[in-house]
Amino acid sequence: MNAILLGAPGVGKGTQAQLLTERDGFVQLSTGDILRTEIANGSELGLSAKGFMDRGELVPDSVILNIVSLRLDKNKSFLFDGFPRTVPQADGLSNLLTSRGMKLDYVISLELPVEAIVERLSARRVALKSGRVYNLLFNPPKVEGICDISGESLIQRSDDKPEAILVRLNEYNMKTEPLKKYYEQRIGVASVNADGDMETVYRRVKAALT
């Protein structure tokens, strides 16, 4: 089974993808994670992507699709998390799947009001050394402002401040929101209410995958 999780930043795509991977045998494919792995391994594709990133440029669709292509050759069932981001990427993914005799079975769109997204993301705090991420609403540290693991002070990243969040959401609406219409016209999109704790949302996602 192949599925895509769509949704704006902060709706919980990563959390739900992790639960579906751990509990239901999906192979999570997150292009962000793959890029970081390829860069860390010093692969040709990773170095190519790093060059664009170091110059502050977006990694071209051709590089992203090449990386996805390599993963498709290794596994036959995927949960795409945060990919595709644009209609051209969706076209590219469709071609990759067709060439391998594969197809998409489900597209799930996690939905959450803008106000709730801003509240969630602005409550995130990060420990730079340990890399641990907290949320003051759902997963606060045991001691306010201090990482449970490293004891270091927690910070709010600049892109988790309300004004930056609204910029990210605007970019999402311009580039990624059209994907819903794209997939609605092809295989259909199941909209899932992402408001609630992760277990509640997980049950809703599971129901949409049947």
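Let me begin with the ground rules. Residues are numbered from 1 along each chain as its sequence is written, and side-chain values use heavy atoms, with hydrogens and water left out. Because the model is predicted, local features need a pLDDT of at least 70 and side-chain atom pairs count only at pLDDT 80 or more, while totals for chains, interfaces and linings use all residues.

On confidence, the chain averages a pLDDT of 90, and 100% of the residues score at least 70; pLDDT is the predictor's confidence in each residue, on a scale from 0 to 100. The lowest confidence in the chain falls in helix 2, residues 31-41, with a mean of 83, whereas the highest is in strand 7, residues 190-193, at 97. Helices here are DSSP runs of H or I with at least four residues, strands are runs of E with at least two, and both are numbered from the N terminus.

I will stay with helix 2 and turn to its packing. Against helix 3, residues 44-54, helix 2 packs at an angle of about 105°, with the axes 8 Å apart; the axes are lines fitted to C-alpha atoms, for helices over the stretch in contact, and the angles run from 0 to 180 degrees between N-to-C directions. Helix 2 and helix 3 are therefore roughly perpendicular to each other, on a scale where angles under 35 degrees count as roughly parallel, over 145 as roughly antiparallel, 65 to 115 as roughly perpendicular and the rest as oblique. On the side of helix 2, L35, E38 and I39 meet G46, A49, K50 and M53 of helix 3, where contact means heavy atoms within 4.5 Å. These contact residues divide into 4 nonpolar, 1 polar and 2 charged, given that Ala, Val, Leu, Ile, Met, Phe, Trp, Tyr, Cys and Pro count as nonpolar, Asp, Glu, Lys and Arg as charged, and the others, Gly among them, as polar.

Helix 2 also packs on helix 4, at an angle of about 90° and with the axes 11 Å apart, so helix 2 and helix 4 are likewise roughly perpendicular to each other. From helix 2, the residues T31, I34, L35 and E38 make this contact with I64, I67, V68 and R71 of helix 4, and by class it has 5 nonpolar, 1 polar and 2 charged residues.

Next come the cores. A nonpolar core is a set of buried Ala, Val, Leu, Ile, Met, Phe, Trp, Tyr and Cys residues joined through side-chain atoms within 4.5 Å, and buried means under 20% relative accessible area, with exposed being over 50% and partly exposed in between, using a 1.4 Å probe and protein chains only. Which members of the largest nonpolar core touch the most other members? Of its 28 residues, they are I4, V68, L72, F80, F83, L93 and Y183. Strand 1 (3-6), helix 2, helix 3, helix 4 (61-72), helix 5 (87-99) and helix 8 (178-184) each supply at least two residues of this core, and the largest share, 6 residues, comes from helix 4. Leaving aside neighbours within four places in sequence, F80 is in contact with A3, I4, L5, L29, V68, L72, L93 and L104. Another core, of 26 residues, lies apart from it, and includes F26, V118, V205 and L209.

Finally, a few individual positions. Beyond four places in sequence, the contacts of L110 include V11, V192, A194 and V201. A194 itself, found in the loop between strand 7 and helix 9 (198-208), counts as buried at 1% relative accessibility, and its contacts beyond four places include V11, E111, R120 and R204. A190, by contrast, is in strand 7 and counts as partly exposed at 26% relative accessibility; A190 touches V107, I108, S109 and A208, not counting residues up to four places away.
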